[in-house]
Amino acid sequence: MSQYIAAIDQGTTSTRCILFNHAGQVVAYDQKEHTQIYPQPGWVEHDPLEIWARTQEVIAGALRNANASAADVAAVGITNQRETTLVWDRATGQPIYNALVWQDTRTADICSQLAADGGQDRLRDKVGLPLATYFSGPKIKWLLDNVSGARERAERGELLFGNMDTWLVWNLSGGVNGGVNVTDVTNASRTMLMNLQTLDWDDEILQLMGIPRAMLPRICSSSETYAQVQPDLNAQRSTLNLTGVPIAGILGDQQAALFGQTCFSPGEAKNTYGTGCFMLLNTGTQPIPSKHGLLTTLGYKIGQQPAVYALEGSIAITGALVQWLRDNLGLIQQSHEVETLAASVADSGGIYFVPAFSGLYAPYWKDSARGVIAGLTRYINKGHIARATLEATAYQTREVLDAMNADSGVPLTALKVDGGMVRNELLMQFQADVLGVPVIRPIVAETTALGAAYAAGLAVGFWQQIDDLRANWGKDREWQPAMSADHRAALYRGWKKAVTRTFDWID
């Protein structure tokens, strides 16, 4: 009998494969980074073929580390960096260009042109999203407009579009030899092309952006059997060790974390601290329009059950700011060293670091903003910069939480957290302090991959119902606020002032 579910977690900086047992515990994993490509300021790309190669490697590595084979795996779930946009040739499997990463801002002019008639929110009623460089639709348009011959090939049905989930499923299920072209509702909801009510591609928006429907994947639920893993017939030696295993779950990474944190009831929320930071609130089976700069998005859809919606606050740069300290400035050698460096000082020395490297996301949605460090004096040293780096994540989360409270009308009483940065205890305590509510870390912090595993496992009967998943959740640690209300308010006023200094930097 199969004893594991495999989750492929294809993230912004790396790809992982994690094997989970029935208790939702990590049995084995493997992880490999991929190259970040920056052709010019504001442009961020990935090599899709490198990511596919890394995916095969980590599948093999996780199985090897567990001393397991395909026979031990009941299903595969996939979770992925959302909005990262790829177009490839269906006959050859070759991308027509590098993938445009969600952080990429090259579509600013396209978004401005689309917003000229009806404003930034002209499509929000249908798709729950503002016109912003973040989303896939304008990225597809850029590729069709700028890659020679791409639009004509797309109209002839020769090209396929997908976010990373679609790319991986297509390759895992055979690629050019019958690969399945699908996505799930959560990823489709991040394209600006799917109608939130019909859960189908919207023909008016497709016409507006000039995107042929023939290149788009079929929209499915987040938990069903889409295909089986097939051997790579084009490789001299197939490295797909999961041949024959059902591919049965797809969730965009933040929705996967919502699912992995078992936020199955309206009003339950989680915050994931990764490359960016993403807070999602389950709002039930009806979409709630945001009046405070949040996104209305799909939370998940299990088989034939009604879709569940969410409000989301998206922050572009959090963990990526620590990576920037490491790679661009050389202040630390490894990311975890930022906590020690930040703890070398008592506070941030009065500085604020607003990392609007890709503009500001929620709740501002200002593509023209750029990053600033405000309040610098001769007193400031690298410890203060490290501390301000961590505090930036907490302040940005506070802004999103305020918006979420205003939209939902239900103030959160605690926040479930996950992602790589939640091991940083200095950050977690400051997060509780600046929010004024407890911050709770689960025993299994790999909730993004766990959510994908849960979706796949439900589809094949590995778990029977969501109550089985709730029973797996356990608390590892809780941080209580320890800051006075006056001090919290004063620090937050300084942050809000610093944010205004980033506005309209790009003309």
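A strand here is a DSSP run of E with at least two residues, numbered from the N terminus. Two strands pair if DSSP finds at least two bridges between them. The model is predicted.

**Exercise 1. Trace the partners of strand 2.**

Task: Work out which strands pair with strand 2, and in what sense.

Solution. 
- Step 1. Start with strand 1, residues 4-10. Strand 1 pairs with strand 2 in the antiparallel sense, over 6 bridges.
- Step 2. Pick one bridge. Ala-6 has Leu-19 of strand 2 as its partner.
- Step 3. Look at the connection. A hairpin of 3 residues leads from strand 1 to strand 2.
- Step 4. Turn to strand 3, residues 26-33. Strand 3 runs antiparallel to strand 2, with 7 bridges joining them. Gln-31 in strand 3 stands opposite Arg-16.
- Step 5. Strands 2 and 3 form a hairpin with 5 residues between them. In the turn, Gly-24 has a positive phi of about 75°.

**Exercise 2. Explore the nonpolar cores.**

Task: Find which residues touch the most other members of the largest nonpolar core.

Solution. 
- Step 1. This core has 111 residues. Tyr-134, Leu-193, Met-215 and Tyr-273 touch the most other members.
- Step 2. Ask where its members come from. Helix 12, residues 382-408, gives the largest share, 11 residues.
- Step 3. Look for another core. One of 36 residues lies apart, and its members include Trp-170 and Cys-220. Cys-220 has 5% relative accessibility, so Cys-220 counts as buried.

**Exercise 3. Classify a ring pair.**

Task: What kind of aromatic pair do Phe-462 and Trp-463 form?

Solution. 
- Step 1. The whole structure holds 25 aromatic pairs.
- Step 2. For Phe-462 and Trp-463, the ring centres are 4.8 Å apart and the planes lie at 85°.
- Step 3. Planes over 60 degrees apart count as edge-to-face. The angle is 85°, so this pair is edge-to-face.
- Step 4. Both Phe-462 and Trp-463 are buried.

Key: Residues numbered from 1 in each chain as written. Predicted model: local features only at pLDDT ≥ 70, side-chain atom pairs only at ≥ 80, totals over all residues. Heavy atoms only, no water. Helix = DSSP H or I, 4+ residues; strand = E, 2+ residues; numbered from the N terminus. Core = buried A, V, L, I, M, F, W, Y, C linked by side-chain atoms within 4.5 Å. Buried < 20%, exposed > 50% of the residue type's maximum accessible area, 1.4 Å probe, protein only. Phe/Tyr/Trp six-rings, centres within 6.5 Å; stacked < 30°, edge-to-face > 60°.
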